[in-house]
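Here are my notes on the model, point by point. Please read them with the structure open.

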Amino acid sequence: MAGTGKAHLATSGDQVLRVEDLVVTYETPGGDTVQAVSGISLDIREGETLAVVGESGCGKSTLAKAIMRLIPNGGGSIKLMGLEVAKMRGEELRNVRPAMQMIFQDSISSLDPHMKVKKLVEQPLKVWNRGDEAERAAKVNDLLTSVGLDPEVVGDRKPTEFSGGQCQRISIARALTLEPKLLICDEPVSSLDVSIQSQILNILRDMKDRYGLSLLFISHDLSVVHAISDRVVVMYLGKICEVSPAAELATNPLHHYTHALVSAIPIPDPTTKRVGPFSKANRPRRPIRPRVAASVRAAQPRQNSAPVKNHNCAKSRSGTSSPATTPADPKGFRCVLIRFLLLPTPRT
Ligand SMILES: Nc1ncnc2c1ncn2[C@@H]1O[C@H](COP(=O)(O)OP(=O)(O)OP(=O)(O)O)[C@@H](O)[C@H]1O
Ligand SMILES: [Mg+2]
């Protein structure tokens, strides 16, 4: 269930989304290639919230955009409610789009600054010829109200007149207009303060219950993930290194990288000592010195190579390691530890 493994995928058929061996490769203007998503397999069951966590640049947004078919994929399967969408094109692909919607990482720039809020939320209904004018207006009012915005006040204003949190609400309303089965939320609360974060999370939870949604929730904030998700996928350099029930991730991380992520959560009180499995005393020993780590890092640039250096130390909650797809790399274990060494040390 890690690396390129599939042991974490459900065997029964209530999956809204099933992704297998998804690969996305970017070509840079200089002719180099970056394999941003490197053989990822995951599934989302009906009504489930699956979180994807990982550091900046590990490929979370790329994974989301590839699932949405917004960018080309370099192989793999994407099944939405049993339908293979990875190779769909044209009208066939267009017809499945209402079932999967996305809230983008940058909510402000994902909204057309020239359109009024009412028109923005109504637009998907118009494009899909859903309802007459009165029905559409009623639906828009209902959606705006349910995300905590007064349609009378905000309806005729433009996105540039709103704060980040308000734009996030507009994005949620717009994404739900067509009543999708799958909603992908790419860091929907990362740029918001804590009180607005919890409001947005509550809205997402309410909408999930109301519309029977399944969520793919991307974040790098483990406390947010713990609050909203059922299962968590931990990504590192384009690969999965652990899949865990949300409740167990913080208390029983299996992979060294997950361990490092959890250890990096700051404790707000400087006088409080970190206790339990992530205390300084219980942290894994560092088998290499920083000087050695730096030289290993320099020898393994991400460009021109698949980011598979960590698969040798992939851990499985069920005890099944993923099959290695490339020859064993004796330095792979070090790569994770390099990150571990670079993460801020928690106060003790
Ligand atoms: N259009 C592109 N062309 C080339 N490389 C890209 C492109 N988009 C992303 N990348 C690279 O792909 C990798 C993954 O990027 P991605 O945006 O998916 O990361 P992320 O996990 O979403 O990061 P963050 O948490 O900062 O949003 C990065 O190394 C990035 O530089
Ligand atoms: Mg991103």
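1. How many of the eight residues of helix α1 (residues 60-67) are buried? Eight of the eight are, so α1 is largely enclosed by the rest of the structure. The buried residues are K60, S61, T62, L63, A64, K65, A66 and I67. Bear in mind throughout that this is a predicted model. Just after α1, R69 takes a positive phi of about 60 degrees.

2. Helix α1 also matters for the description of ligand 1. The largest share of the shell around ligand 1 comes from α1, with three residues. There are 14 residues around the ligand, and Y26, A36, S56, S61 and T62 come nearest. Two elements give two or more residues to this shell: β2 (33-45) and α1. By class, the shell has four nonpolar, nine polar and one charged residues. Two of the residues named above, S61 and T62, are among the buried residues of α1.

3. Next, the sheet that contains β2. Four strands form an open sheet, in the order β2-β1-β4-β5, and the pairing is antiparallel. The edge strands are β2 and β5 (83-84), each of which pairs on one side only. Strand β4 (residues 77-80) is joined to β5 by two bridges. Across this pair, L80 stands opposite L83.

4. Check M81, in the loop between β4 and β5. Its phi is positive, about 50 degrees, although M81 is not a glycine.

5. Strand β6 (residues 100-103) is covered on both faces. M100 and M102 lie on one side, Q101 and I103 on the other, and all are buried. Four bridges join β6 to strand β7 (residues 182-186), and the two run parallel. Within this pairing, I103 stands opposite C185 in β7.

6. E179 sits in the loop between α7 and β7. Here too phi is positive, at about 50 degrees, although E179 is not a glycine. E179 has 14 other C-beta atoms within 10 Å and is therefore partly exposed.

7. Now the helix pair. Helix α7 (residues 164-176) packs against helix α8 (residues 194-211) at an angle of about 10 degrees, and their axes are 10 Å apart. That angle makes α7 roughly parallel to α8. From α7, the contact uses G165, Q168, R169, I172 and L176. These meet I196, I200, I203, L204, M207 and Y211 in α8. By class, the contact has eight nonpolar, two polar and one charged residues.

8. One more residue in α8: Q197. Is Q197 buried or exposed? Q197 is buried, because 20 other C-beta atoms lie within 10 Å and the cut-off is 20 or more. Leaving out residues up to four places away in sequence, Q197 touches V189, L192 and V224. Q197 and V224 are 27 residues apart in sequence, yet 8.4 Å apart in space, C-alpha to C-alpha.

How values were computed. Residues numbered from 1 in each chain as written. Chains lettered and ligands numbered in written order. Predicted model: local features only at pLDDT ≥ 70, side-chain atom pairs only at ≥ 80, totals over all residues. Axes fitted to C-alpha atoms, helices over the stretch in contact; angles between N-to-C directions. Parallel < 35°, antiparallel > 145°, perpendicular 65-115°, else oblique. Contact = placed C-beta atoms within 7 Å. Nonpolar A, V, L, I, M, F, W, Y, C, P; charged D, E, K, R; others polar. Buried ≥ 20, exposed ≤ 12 C-beta atoms within 10 Å, placed from the backbone. Near = placed C-beta within 6 Å. Pairing = 2+ DSSP bridges.
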